[in-house]
Amino acid sequence: MSRESTVAHVEKILRAYLETDELVRDEEGDVPIRRGSALYYVRVGRHEPYRVEVVSSVLSEVEESYELLRALNEINAGIYGIQAYYRKGRVIFSADLLAETLRAEELERACALISGAADKYDDELQAKFGGKKTFEDGE
């Protein structure tokens, strides 16, 4: 499957999942999707084997600490199918899917997991470790 056909396949799934005819894209070609105070992106990788990544920067401007990394490990232990990690001042949740065999149910589940976890844990992590959410509640 070429990258172009992979992108078209992912777009078709997202249009049905989001119940829209038009998808918004950022400057990198990723599809940003908001749920509550969280924002996540769906992107298709650029190298074979192509993968589809669902990713959310849950918090920014966060200091790395043992306690933060431990909390992220606890999240990882409790939610199958996503990874919670720290990178360059950010707490990130992501899920990677193999594009070649991607089914609509898999992408929809990854979107639900990432968005649900990001919306759930951003308040809890911010209260304990500081940082900024993408959107404050009510925005």
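User: Which loop does Glu-19 lie in?
Analyst: This is a predicted model. In it, Glu-19 sits in the loop that runs between helix 1 (3-18) and strand 1.

User: What is the phi of Glu-19, and how should I read it?
Analyst: Most residues other than glycine have a negative phi, and most peptide bonds are trans. Glu-19 has a positive phi of about 55° although it is not a glycine.

User: Is Glu-19 buried or exposed?
Analyst: Glu-19 is exposed, because its relative accessibility is 74% and the cut-off for exposed is over 50%.

User: What is the phi of Lys-88, and where is Lys-88 found?
Analyst: Lys-88 is a residue other than glycine with a positive phi, near 50°. The loop between strand 4 and strand 5 holds Lys-88. With a relative accessible area of 78%, Lys-88 is exposed.

User: Which peptide bond is cis from Glu-48?
Analyst: The general idea is that most peptide bonds are trans. Here the bond from Glu-48 to Pro-49 is cis, and its omega is near -10°. Pro-49 belongs to the loop between strand 2 (38-44) and strand 3 (51-59).

User: How much confidence does the model carry, and where is confidence lowest and highest?
Analyst: Where pLDDT is low, the predicted coordinates should not be read in detail. In this protein the average pLDDT is 92, and 98% of the residues score at least 70. Confidence is lowest in strand 1 (residues 31-35), at a mean of 91, and highest in strand 4 (residues 83-87), at 97.

User: How many aromatic pairs does the structure hold?
Analyst: A pair of aromatic rings is described by the distance of the centres and the angle of the planes. The structure holds one aromatic pair. Its members are Phe-93 and Tyr-121, with 6.3 Å centre to centre and 75° between the planes, which is edge-to-face.

User: Which parts of the chain does the pair link?
Analyst: The pair links distant parts of the chain: Phe-93 is in strand 5 (residues 90-98) and Tyr-121 is in helix 3 (residues 104-129), 28 residues apart. Phe-93 is buried, at 0% relative accessibility. Tyr-121 is buried as well, with a relative accessible area of 13%.

User: At what angle do helix 2 and helix 3 cross?
Analyst: Helix 2 (residues 66-78) and helix 3 cross at roughly 160°, and their axes come within 11 Å. Helix 2 is therefore roughly antiparallel to helix 3, as the cut-off for that label is over 145 degrees. Their crossing is right-handed.

User: Which residues of helix 2 and helix 3 meet?
Analyst: From helix 2, Glu-67, Leu-68, Ala-71, Leu-72 and Ile-75 meet Tyr-121, Leu-125 and Phe-129 of helix 3. Tyr-121 is also a member of the aromatic pair.

User: At what angle do helix 1 and helix 3 pack?
Analyst: The angle is about 60°, with the axes 10 Å apart. Helix 1 and helix 3 are therefore oblique to each other. Val-10, Ile-13, Leu-14 and Tyr-17 of helix 1 make the contact with Ala-104, Leu-107, Glu-108, Cys-111 and Ala-112 of helix 3. Helix 1 passes helix 3 in a right-handed crossing.

User: Where does Ile-33 lie, and which residues is Ile-33 in contact with?
Analyst: Ile-33 lies in strand 1. Its relative accessible area is 8%, so Ile-33 is buried. Leaving aside neighbours within four places in sequence, Ile-33 is in contact with Leu-14, Leu-18, Ala-38, Leu-39, Tyr-40 and Val-42.

Conventions:
Residues numbered from 1 in each chain as written. Predicted model: local features only at pLDDT ≥ 70, side-chain atom pairs only at ≥ 80, totals over all residues. Heavy atoms only, no water. pLDDT = per-residue confidence, 0-100. Helix = DSSP H or I, 4+ residues; strand = E, 2+ residues; numbered from the N terminus. Phe/Tyr/Trp six-rings, centres within 6.5 Å; stacked < 30°, edge-to-face > 60°. Buried < 20%, exposed > 50% of the residue type's maximum accessible area, 1.4 Å probe, protein only. Axes fitted to C-alpha atoms, helices over the stretch in contact; angles between N-to-C directions. Parallel < 35°, antiparallel > 145°, perpendicular 65-115°, else oblique. Left-handed = near helix turned anticlockwise from the far one by under 90°. Contact = heavy atoms within 4.5 Å.
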